[in-house]
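Here is a short report on one model. It covers a loop residue, a metal site and a helix pair.

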Amino acid sequence: MAKLQGLLFGLATLVLVVVATAFFAKEWLPPLKSDRIAIDHGIAVTLLVTGLVFIATNLLLAFFAWRYQDAPGATAAYWHHNAKLEWIWTLVTAAIMFGFLFNALAMWGQLQKAPPADAMLVEVVGQQFAWNVRYPGKDGIFGRTDAKLVDPGNLNFIGLDKTDPNAADDVIMPQNQLYLPEGLPVRVRIRSLDVIHSFFLPNFRVKQDAMPGMAVETWFTPKVAGDYEIACAEHCGLGHYRMRGQLHVVKPDGFDAAVAAALE
Ligand SMILES: [Cu+2]
């Protein structure tokens, strides 16, 4: 009986691996449309190593069930404390973990390095349950905002202080509409009006929490024009599911026209 169980267990492992591989081989992440290829590499390396360990341990378990089943007259061997074995599995596991760690640190360093000086600046402010997009205008400086000035009735969702000279040329988009030029680095300044949200662009491998009271910046370069989803990746309330925006990546020479058309 145990022989059969071992065989079935090994077979189930192989079937699972084959089915999962076939299922995810075509598309297991949304197609990458930014310069953040390092994230995909990091995920692939982690999946490959943990996947191989998963397959090896399961097949070993199946083999042991098949090989060492109970039988008349069979006695179990018993021993404890094998310092050499324990050192080996501790050090090998630690080495693999250090590999992951250094890989992740290199990736983190890449993502956190200073943006190019010519990067475009845009602000995204999360609120329950929408994204507010603002461009600083020609002066490159965002006008002052104040929570006391928030006035949804007059479409002043972020509380822009219109008496601030820097606010005069700020461009506030219709909610949930973000336009970016293709091929140019962009700095996104992420804030929140209420609770913690998370600005998530699945196709661009960008995910950054929006923290109340903080402005956090992240930067990336959109590589392919098209329309994409902006999601909120932090469960932020009952309307979290409908907190979706659209990112439109357009050719640089059509950018101003696209923003102007969206504002009409
Ligand atoms: Cu949210």
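Is P212 buried, exposed or partly exposed? At 37% relative accessibility, P212 counts as partly exposed; buried means under 20% relative accessible area, exposed over 50%, partly exposed in between (1.4 Å probe, protein chains only).

This is a predicted model: local features need pLDDT of at least 70, side-chain atom pairs count only at pLDDT 80 or more, and totals for chains, interfaces and linings use all residues. Residues are numbered from 1 along each chain as its sequence is written, and side-chain values use heavy atoms, without hydrogens and water.

P212 sits in the loop between β7 and β8. Strands (E, at least two residues) and helices (H or I, at least four) are DSSP runs, numbered from the N terminus.

| Element | Residues |
|---|---|
| β7 | 206-210 |
| β8 | 216-220 |

Leaving aside neighbours within four places in sequence, P212 contacts (heavy atoms within 4.5 Å) S192, D194, V195 and I196. The C-alpha atoms of P212 and V195 are 6.0 Å apart.

Next, the metal. H197 (ND1), C232 (SG), C236 (SG) and M243 (SD) coordinate the copper ion at 2.1 to 2.4 Å. Donors are N, O and S atoms within 2.8 Å of the metal (3.2 Å for Na, K and Ca); water is not among the atoms, so sites may look incomplete. The donor residues are spaced H-x34-C-x3-C-x6-M in sequence. H197 lies in strand β6 and M243 in the loop between β9 and β10, 46 residues apart. Both H197 and M243 are buried.

Finally, the helices. A38 and I39 are among the α2 residues that meet α3, where the partners include I96 and F100.
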